[in-house]
Amino acid sequence: MSERLVVTGSQWGDEGKGKITDWFACRADMVVRYQGGNNAGHTVVFDGHKYSLQSIPSGIFNPATVNVMANGMVVNPESVVAELERLHEQGINDYQLYISDRAAMVMPWHSALDGAYEAMKGGEKIGTTKKGIGPAYSDKYSRTGLRMGDLLEPEYFAERLRAALEQKNIELKSLGLPEFRFEEVYGRYMELAAILGPRICDTSELINSYLRMPDKKILFEGAQGMMLCIDHGTYPFVTSSTPSASSVPVGAGISPKWIDNVVGVAKAYCTRVGEGPFPTELQGELAHEIRERGHEYGTVTGRPRRIGWFDAVVARYTARLAGTDYWALMLFDVLSGLDKVCICTGYECDGKVMTTPPSTISRLSRCKPVLIEVEGWKEDITGARSWDDLPEAAKNYVRKIEEVTGVEVGIISVGPDRSQTIILSEKLKDF
Ligand code: IMP
C-alpha cells in the first residue's frame with residue numbers, strides 16, 4: 001500500500017499531470033506542491049466541468065483534503081488571490097489551503113524582468129511563461145528575495161521591500177522599464193496579506209505532522225517536467241526549479257526517507273512548448289493531426305505545442321533521476337487511427353548511438369532519433385475501462401514502452417475525464 005506518493009512530469013511538462021494528480025488528490029488527505037509557481041497550468045475535468053489550476057494544489061476540490069503550497073515554490077500572492085476568485089466563481093468555496101512562510105515571493109518586477117531578459121536574448125529566447133519564475137528564483141538564490149512569511153510582519157516586510165526596490169529600480173531603469181513605487185507595492189501587498197495571511201504558516205511542520213500519522217495519504221504534486229529541470233533538463237531551455245521527486249525533501253521540508261512511490265507522468269507521444277532541441281519532433285500533417293486531436297495548446301499561454309514520438313531515451317533518463325516506479329501513460333486515445341506508431345530508443349549523434357541524452361543542447365540538436373515502428377490501431381479507445389478493453393495492437397504498444405524503458409505502466413489514460421482512467425497497478429489502486 002502506497003501512502004506517500006510523488007507524481008512528477010517525465011517529459012517537457014504538460015504530460016497530463018493535472019488529471020493524474022486529481023485522480024490521487026480525490027483520495028489524498030494532503031496534497032503538496034513543492035516547486036515551481038504559476039508557470040504551471042493544470043487542467044482538471046470532472047462532472048462535465050473544466051477547471052484550470054496554476055499554483056494551487058489539485059486537492060482543492062475536496063473539502064477534506066489539506067492543500068499545501070510548500071517552501072520550494074515561488075508564490076505570486078496576486079495570482080493566488082486571482083486563482084481563488086476564479087474557483088469561487090465556479091462554485092469552489094470550501095477548501096483547506098496553506099502557504100509556506102519560507103516560500104519565495106514573486107514580486108511585480110519579476111514578470112517585467114522576465115519579459116525584458118527574454119527580449120534581450122533575440123533569437124536565443126527560452127520561451128518562458130513570463131510569469132517571473134526565473135527572476136524570482138534568482139533573487140531567492142542571491143539572497144535578496146522576499147518570502148511569504150515576511151507579509152506577516154509589516155515592518156520587516158517594509159524594510160525588505162525598500163532594500164529590494166532600491167536595487168531593482170536601478171535595474172529596471174537601466175532596461176528602460178517603469179520603476180515601482182514603495183507606497184504602491186507596500187499598500188497592495190498588505191491588502192494581499194490581509195487575504196492570504198491566515199493561510200501562511202510553517203508548512204514543513206504541518207506536512208511532518210501528517211507524515212507521522214500512518215493512515216494519512218499524502219500526494220506530492222510536481223509541476224513542469226523533468227526535461228525542464230534546472231539541473232538535469234535541456235539547459236538553458238529549462239525552468240528554474242527541479243520538478244523531479246528528488247526535490248520533494250528540500251521543497252517540502254521533509255526527510256527523503258518518507259517517499260514510498262513515484263509515478264512518472266508521460267504522454268503516449270511527446271510535446272514541448274517554448275524553444276530548445278526536441279529530437280523526436282514531427283512536422284507537417286501528422287504533427288498537425290496529433291496536435292488537434294490532443295488539443296495541444298498551452299493552458300497558460302495558449303501557444304501551440306510541438307509534437308514528437310515517444311522518446312524512450314528521455315523516459316529512461318527521467319526514470320533514473322526520479323526513481324520512477326510506474327508510468328502514467330497519458331493521452332493514449334490520441335494515437336488511435338494511425339497506421340503505425342514510433343518509439344525512439346536511442347539517438348544517433350556524430351556517428352555514434354547514444355542511449356542517454358547529452359548534456360549540451362548543441363549536441364542534442366545534432367541528435368537524430370533511432371525509431372522502432374509498432375503497428376497502430378484503428379479502434380476508438382476512449383470507452384476502454386480495463387486492460388481487456390484495449391485492442392491487441394494498443395496493448396503491444398504499452399508492452400513495448402515497458403520493455404524499452406524498464407518501467408511498468410501503472411496507469412493508462414484514454415480521455416480527459418476522471419472516468420477515462422485505467423489503473424493497472426494493484427499498489428496504485430490502494431492509494
Ligand atoms: P519559465 O518556467 O516560465 O521560466 O519557462 C521556462 C521554460 O519552461 C519554457 O520553455 C516554458 O515554456 C517551460 N514551462 C514552464 N512551465 C511549464 C509547464 O507547466 N508546462 C510546460 N512547459 C512549461
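1. Let's start at phenylalanine 61. Skipping neighbours within four places in sequence, Phe61 is in contact with Asp22, Val44, Phe46, Tyr51, Leu53, Leu87 and Ile92. Contact here means heavy atoms within 4.5 Å. Before going further, note that this is a predicted model, where local features need pLDDT of at least 70 and side-chain atom pairs count only at pLDDT 80 or more, while totals for chains, interfaces and linings use all residues. Residues are numbered from 1 along each chain as its sequence is written, and side-chain values use heavy atoms, with hydrogens and water left out.

2. Phe61 also turns up in the largest nonpolar core, which has 40 residues. With Met107, Trp109, Met148, Leu151, Phe157 and Leu161, Phe61 is among those with the most contacts inside that core. A nonpolar core is a set of buried Ala, Val, Leu, Ile, Met, Phe, Trp, Tyr and Cys residues joined through side-chain atoms within 4.5 Å. As for the cut-offs, buried means under 20% relative accessible area, exposed means over 50%, and partly exposed is in between (1.4 Å probe, protein chains only).

3. H6 gives the largest share, 7 residues. Helices (H or I, at least four residues) and strands (E, at least two) are DSSP runs, numbered from the N terminus. The core also draws at least three residues from each of domain 1 and domain 2. Another core lies apart from it, with 37 residues, including Ile307, Leu338, Cys342 and Val404.

4. On the domains: the chain is divided into domain 1 (3–104 + 200–259), domain 2 (105–196) and domain 3 (262–429). These bounds come from an automatic or database domain assignment. The centres of domains 1 and 2, taken over C-alpha atoms, are separated by 23 Å. Between the two, 29 residues of domain 1 are in contact with 23 residues of domain 2.

5. Have a look at valine 44, one of the contacts of Phe61. Val44 lies in strand E3 and counts as buried, because its relative accessibility is 1%. Leaving out residues up to four places away in sequence, Val44 touches Gly18, Asp22, His49, Lys50, Tyr51, Leu53 and Phe61. Its C-alpha atom is 8.1 Å from that of serine 58, which is 14 residues away along the chain.

6. Gly18 and Asp22, both touched by Val44, are among the buried residues of helix H1. How many residues of H1 (residues 17–25) are buried? The count is 9 of the 9, so the helix is largely enclosed by the rest of the structure.

7. Next, the packing of H2 against H6. Their axes are 10 Å apart and meet at an angle of about 50°, so the two helices are oblique to each other. Axes are lines fitted to C-alpha atoms, for helices over the stretch in contact, and angles run from 0 to 180 degrees between N-to-C directions. Under 35 degrees counts as roughly parallel, over 145 as roughly antiparallel, 65 to 115 as roughly perpendicular and the rest as oblique. Pro77, Glu78, Val80, Val81 and Leu84 in H2 meet Arg188, Tyr189, Leu192, Ile195 and Leu196 in H6.

8. H3 and helix H4 (residues 133–141) make another pair, with an angle of about 115° and axes 7 Å apart. That makes H3 roughly perpendicular to H4. On the H3 side the contacts are Trp109, His110, Leu113, Asp114 and Tyr117, and they meet Ile133, Pro135, Ala136 and Asp139 in H4.

9. Finally, some backbone details worth a look. The peptide bond from tyrosine 235 to proline 236 is cis, with omega near 5°, and Pro236 lies in the loop between strand E10 (218–225) and helix H8 (248–252). Histidine 295 has a positive phi of about 50° although it is not a glycine; His295 is exposed, with a relative accessible area of 62%. Aspartate 350 also has a positive phi of about 50° without being a glycine, but Asp350 is partly exposed, at 48% relative accessible area.
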